[in-house]
Amino acid sequence: MSSLTKLISTLARVSDTKLALLNHSNVQIISSAKMSQYPKYFIDPTFRNDELNALYETGEVKEKALVPCRAALTEHTSSEFYSSFTRKFINHVMRKGNKQLAREVVEKAFEVIKKTQIQKYHSLPPEKKVDFTIRDPHELFHQAVINVKPIMVLTPIKRGGVRYQVPVPVDDLQATILAYKWFIEASKDKERTVRFYNKLAKEIMDAANNTGRVVKKKLDLHKQCEANRAYAHYRWN
Amino acid sequence: MATTMLHKHRVSVLFSFGRSLFVRLNVLQGEFGLHQKCSGYSRPINTLSASEAIAEIKNMPDESRPMPAKKPISKAMKAYLLQAKNYDEFMKKQNTEFQIGRRHLANIMSMDADTMSQEDIDQAIEFLFPSGLYEPRARPMMKSPELIFPPKKAAEFDESGRPYHSLFYTMNPNFYGLLQDAVTEYIGLNKEEDNMIRKRISFSSDMKIILSGSDWLSQEKLSNLLIEQIDDAQYEQFKNVMLRLAEHPLSNKVKDFIMKYRYSLVNEAALAEIPKPSYEKDGRAYVTFKGARRKNAYADVTVHMPGTGKFLINDCDIEYFQDIQSREQITFPLIFTALLGKVDVTATAIQGGTTGQSGAVRYGLAMALRSFVDDKMVERMRLAGLLQVDWRTRERKKPGQPGARRKPTWKAR
């Protein structure tokens with residue numbers, strides 16, 4: 001293991017060359033992580049059959065043909081039950097490396113969602129059954145996260161000794177992570193007898209309908225941003 | 001700097017009317033401003049032809065003119081030349097010793113000395129001097145002296161002190177010479193491009209070099225190649241210049257030049273050898289992959305081709321793995337290649353934990369399945385990350401820290 005300073009300077013060099021290389025179309029920037037046990041020129045794997053087929057169609061495969069590829073992670077499978085979106089959420093739910101428990105909990109929540117949705121579907125009169133399309137809990141969760149993602153966030157910025165709460169736009173990834181966090185917080189906050197997965201299921205279904213606690217939190221945040229509109233220029237000053 | 005002696009021959013030939021040739025010459029008129037008597041002719045002037053006269057002048061000895069005294073070589077120069085000479089002698093000696101050693105080794109190992117390759121030598125040394133040292137460079141080695149001793153440049157300037165390389169005074173002549181070569185190539189390509197545009201020849205994408213699959217030589221390797229210390233700024237400059245050259249639409253014409261400074265990334269040998277299946281008594285084809293690893297786990301996986309989708313892991317069903325992620329992992333290669341119900345899998349997994357063992361079985365299974373699918377599917381498996389050893393291991397704990405990355409609680413005071 002090289003010393004920390006050498007590692008930092010190496011990373012700095014790597015990032016500089018990467019920036020330089022980004023401007024040239026001939027070379028593709030290929031690895032996702034900077035600090036890893038793989039050399040930097042290893043590319044990320046494409047384990048979904050539809051994505052691979054797309055690569056073959058567009059001809060991108062030729063570029064990847066001569067470059068070594070990383071191993072697929074233990075979460076990656078090509079089975080139809082895999083959802084990359086949910087996988088990220090499971091990682092956020094996980095505590096102390098207990099992936100098994102996190103996955104069980106989220107899957108139980110989805111089971112509850114599915115059961116509820118099917119109940120609802122069967123209780124509807126036949127004319128309305130046609131409109132009730134979303135029964136897949138993964139899709140529902142996707143929709144819920146979209147409804148819960150904030151566009152702007154308040155950040156504390158210090159100007160003249162005073163910390164102002166300044167509204168700042170937030171990029172997609174950060175917004176998604178915030179949404180995950182809020183779901184988990186809301187599901188933890190409950191009466192003693194209610195299970196985490198039950199509460200999570202309820203929150204997801206509410207959020208997919210644009211109602212419920214988590215969406216309210218997002219709307220409150222947006223209202224606060226509107227209220228602090230006057231401080232917006234502190235972002236640049 | 002010692003001056004060199006220049007003889008300036010100025011021959012003016014005057015052709016007069018008629019037949020006679022009249023040759024007039026000024027010998028040694030140059031820097032000394034001397035006019036010598038034209039002595040030493042064997043025949044009178046007006047009987048000589050022009051070419052004969054010139055030949056005579058060239059053959060004339062210079063002993064009449066005093067040579068300037070030889071300038072003494074400075075001590076630094078002497079030391080430098082001595083060093084270069086010593087290095088040459090040293091390398092020669094090392095080479096002879098190496099050759100003798102090779103013969104002795106061949107004798108000991110009863111191998112043929114002439115056909116012995118470096119690999120054979122390495123194997124022999126590993127056998128004769130087994131070492132438990134972790135670092136390969138600390139173990140006993142017997143290699144050609146060129147590989148062991150760092151290369152040194154031959155004498156860079158002659159006895160008079162004049163350097164051989166025109167860029168010597170840049171201190172890194174090989175490096176800057178390389179950059180200049182790259183620019184020269186670039187200018188050449190530009191000219192070709194102009195020609196093609198003038199002739200209305202269309203450009204195609206295969207006129208441009210493909211850089212994927214190879215990477216620039218590292219700073220260290222480049223320094224070794226050029227026998228000069230290349231610093232960070234110079235290395236960046238090198239990469240920028242070479243990349244600019246490679247970006248030219250006609251860069252395939254200078255492919256040899258560019259590829260000299262690149263190394264290929266893929267270890268083709270690892271991918272090329274797909275084992276042929278063996279056959280059981282009842283005619284079923286099978287392949288065994290041994291030594292599949294993941295974290296601390298090892299697995300040997302056997303795949304029988306005309307099968308019914310049975311799993312036998314350590315004499316248990318697939319329920320040997322109780323968590324769903326591990327089960328997904330071992331069925332991943334089968335789902336990917338669409339062989340889920342068509343093969344039988346037998347595996348023995350030792351050591352490690354759930355994730356390690358299932359990861360090892362997955363890798364072993366994927367490697368064994370290569371023999372039962374076509375080349376296109378093998379390539380797909382490689383791109384899916386199934387045929388790559390996951391060599392990530394648990395990071396060690398460091399002294400002064402509670403864990404691998406965790407630092408002690410930060411206290412303000």
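Two strands are taken to pair if DSSP finds at least two bridges between them, and strands (E, at least two residues) and helices (H or I, at least four residues) are DSSP runs numbered from the N terminus. On that basis B:Val287 stands opposite B:Val303 in β7(B). The structure is a predicted model, in which local features need pLDDT of at least 70 and side-chain atom pairs count only at pLDDT 80 or more, while totals for chains, interfaces and linings use all residues. Residues are numbered from 1 along each chain as its sequence is written, chains are lettered from A and ligands numbered from 1 in the order in which they are written, and side-chain values use heavy atoms, with hydrogens and water left out.

**The sheet of chain B**

- Five strands of chain B form an open sheet in the order β5-β6-β7-β9-β8, with mixed pairing, and its edge strands, β5 (278-279) and β8 (311-313), each pair on one side only.
- β6(B) and β7(B), the latter spanning residues 297-304, run antiparallel and are joined by seven bridges.
- β7(B) is also antiparallel to β9(B), again over seven bridges, and here B:Val301 has B:Ala347 as its bridge partner.
- The pairing of β8(B) with β9(B) is parallel and covers three bridges, with B:Phe311 partnered by B:Val345 in β9(B).

**The hairpin of chain A**

- In chain A, strands β1 (residues 152-159) and β2 (residues 162-169) run antiparallel and are joined by eight bridges, with A:Pro156 standing opposite A:Gln165 in β2(A).
- These two strands form a hairpin with two residues between them, and A:Gly160 in the turn has a positive phi of about 60 degrees.

**The interface between the chains**

- Contact, meaning heavy atoms within 4.5 Å, links 41 residues of chain B with 44 residues of chain A.
- The area buried between the two chains, that is, the accessible area (1.4 Å probe) lost on putting them together, summed over both, is about 3900 Å², of which carbon and sulfur atoms give 54%.
- Of the area that chain B buries against chain A, B:Arg380, B:Leu383 and B:Trp391 supply 17%, more than any other three residues.

**Cavities**

- A cavity is a set of points, on a 1 Å grid over the protein atoms alone, where a 1.4 Å probe fits but cannot get out, and its lining residues have an atom within 4 Å of a point.
- Residues from both chains line the largest cavity, including A:Ala72, A:Thr74, B:Arg293, B:Arg294, B:Tyr363 and B:Asp390.
- β6 (285-294) and α11 (354-369) of chain B are the elements that give two or more residues to this lining, and α11(B) provides the largest share, three residues.

Conventions. 1 Å grid on protein atoms, 1.4 Å probe; cavity = no way out; pocket = protein on both sides within 12 Å on 5 of 7 lines; lining within 4 Å.
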